[in-house]
Structures are given as C-alpha cells and as structure tokens.
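Please examine the sequence and the three-dimensional structure shown here. The paragraphs that follow treat a pair of packed helices and then the surroundings of the ligand.

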Amino acid sequence: MKIIRMFAIAVIFGVIVVVGFVYSGLYDVSATAPHSGLANWVMSTTMHASVDRRAKNIDVPNLDDEALQLAGINDFDAMCAACHGAPGQEPEAIGQGLNPPAPDLRESAAHETAAELFWVTKHGIKMTGMPAWGASHDDEALWPVVAFMTVLPELNADSYRAMLARAEGSGHHSADDDSHSHADAAGESTGHPDPDQPHQDQPSEGKVTEHQHSSHNHGDKESADEKKIQPQEHDHGGDDHAH
Ligand code: HEC
C-alpha cells in the first residue's frame, strides 16, 4: 500500500512539474535555438517510424520513365528547391530559417523508398515546415516529382541544369504552353490516363493565380539565376522589416 501511495505521489508531482514547465515560458520555441539531442532523437525517430508504417501499402507506379522525370524536375524546381535546395543551388531565404532544416533531398532520395518519398510529399510533416502537397495536388500531379527524386542522387549542378533545360514545357508548374505533356506522361506510366485531371498547366490567368508560385518560370536559366541571387539581393538576414 505504501509503495502504491508513493508511486501516486510521484506521478502527481511529475504531472505538476511538466504542466508547470509548459506554462512557465522557459522553453525556447524560437527556430534559431537548436533542439536538444533528446528532442532531435524523439522527433526524427517518431517521424521515420510513422512514415515507414504509413508508406507500406502504397502502390508505386512505374517511375522509370523519362517523360515523367522531366515533368517532375520542373515541379521540383518550383515547389521544393526553395526549401530543400537543388544540386548547385542553396535553399532560398525561406529554407535557410527552418528548424528542423529541410534536408538535402539527394540524400533522402538515396535512403528512402519511392513510397516513403511519395507519402511525405503528399502528407507533409506536422510541426515542421514540410507542407502537405496533397492538400493542393492530386496523386497524378505528385508522382512525377517522386519519379524525378529517384534520379536526383545521380545529378550534379551541371546535369541538373541540363535536365531542367531539356524539361522545358513539361510538368504542371512550367509556364510553357505545353499543357498536355504532364497529363500524358503521368497517364502513360501510372496507368491513370486522366487527361482532365486538374493539374495540367493551362496558360489561363485563373491557373496562374491558383498556383501562386507558377508566376516564376523556373524552367529557364535566367529565372533560376535570378532566384539564386534573390536572398543576397534583398538581404532578409535576421531583421524584421516588412515588404
Ligand atoms: C516550406 C519549406 C519546404 C518546402 C517548400 C518543401 N519542403 Fe520538404 N521538408 C521541409 C522540412 C523542414 C523537412 C524536414 C522535416 C523533418 O525533419 O521532420 C522536409 C522533409 C521532406 C522529406 C523527408 C526527408 C527525409 O530525409 O526524411 C521529403 C521526402 C520532402 N521534404 C520532400 C519535399 C518535396 C518533394 C517538396 C516539393 C514538392 C518539398 N519537400 C517542399 C520543408 C519543405
């Protein structure tokens, strides 16, 4: 009985300490404060175990298709490179301030399965900057990005640029007037021939505002260079000025 009573007192005391800490404001939530080793371990182990479990039952279409990969590189450049960077390209200002940082996807793609990459891309990761792209894109629009990530580990700065140049006009985030290439590529290789799927790039005004970032055409070298120098040009550094 005595042991049970002592145990109950210890539990109550523990709860009071935890709740007190939560309300005290002592924990530093700033993204500039590094996570402790323990917090890092808990978060990354939880994240990987969760993704492994949930990605198990995903049917992966044939991703070994150059048309699909070319569609994917444009979308990757428009949707992912700002945070994750790309071969020869540092993350932009938004990606530089993330904690946890957005990892180099060349390494992630070398270690994760296509199903896992797809799951994270579609569902995002809570309490990090990783968005759920499935909220705005259907699966057919996301598989090309995954197909591209499967070849990403083999690319360097030059081959990335060269592939981007070859991909001009493919992918739903390219502003080029080739509205069917993405749907065809996805349809042929995924077995979901759905030419009416909503993510082909129609060069209409409505589409451009719907995908806010499609106002940058990342398919050409000029805009990519412009993108690269942007953070230095405006020096968003650590100050709080408004735009
Ligand atoms: C706004 C910033 C941001 C954008 C844009 C973004 N990500 Fe992420 N992403 C993150 C962050 C931060 C993490 C790390 C999360 C963590 O450590 O738990 C991450 C993690 C990931 C991971 C898991 C990597 C690993 O090693 O486990 C994948 C895969 C991924 N992102 C793919 C993408 C793809 C594909 C796109 C574009 C369609 C994209 N991300 C766009 C911020 C971003």
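Are H3 and H8 roughly parallel or roughly perpendicular to each other? The model is a predicted one. In it, helix H3, residues 66–79, packs against helix H8, residues 139–151, at an angle of about 95 degrees. Angles of 65 to 115 degrees count as roughly perpendicular, and H3 and H8 are therefore roughly perpendicular to each other. The axes of these two helices lie 7 Å apart.

On the H3 side, the contact is made by Leu 68, Gln 69, Ala 71, Gly 72, Ile 73, Asp 75 and Phe 76. H8 contributes Trp 143, Pro 144, Val 145, Ala 147, Phe 148 and Val 151. Sorted by class, the contact of H3 with H8 comprises 10 nonpolar, 2 polar and 1 charged residues.

H3 itself has 14 residues and spans 20 Å from its first C-alpha to its last, close to the 20 Å expected at 1.5 Å a residue. The helix is mostly covered, with 12 of its 14 residues buried. Among the buried residues of H3 are Leu 70, Asn 74, Asp 77, Ala 78 and Met 79. Asp 75 and Phe 76, which belong to the contact with H8, are buried as well.

The ligand has 25 residues around it, of which Cys 80, Cys 83, Ala 102, Ser 108 and Met 130 come nearest. Two or more residues of this shell are given by each of helix H4 (81–84), helix H5 (93–96), helix H6 (105–111) and helix H7 (114–123). By class, the shell around the ligand divides into 18 nonpolar, 6 polar and 1 charged residues.

Definitions and conventions
Residues numbered from 1 in each chain as written. Predicted model: local features only at pLDDT ≥ 70, side-chain atom pairs only at ≥ 80, totals over all residues. Axes fitted to C-alpha atoms, helices over the stretch in contact; angles between N-to-C directions. Helix = DSSP H or I, 4+ residues; strand = E, 2+ residues; numbered from the N terminus. Parallel < 35°, antiparallel > 145°, perpendicular 65-115°, else oblique. Contact = placed C-beta atoms within 7 Å. Nonpolar A, V, L, I, M, F, W, Y, C, P; charged D, E, K, R; others polar. Near = placed C-beta within 6 Å. Expected span 1.5 Å × (residues − 1). Buried ≥ 20, exposed ≤ 12 C-beta atoms within 10 Å, placed from the backbone.
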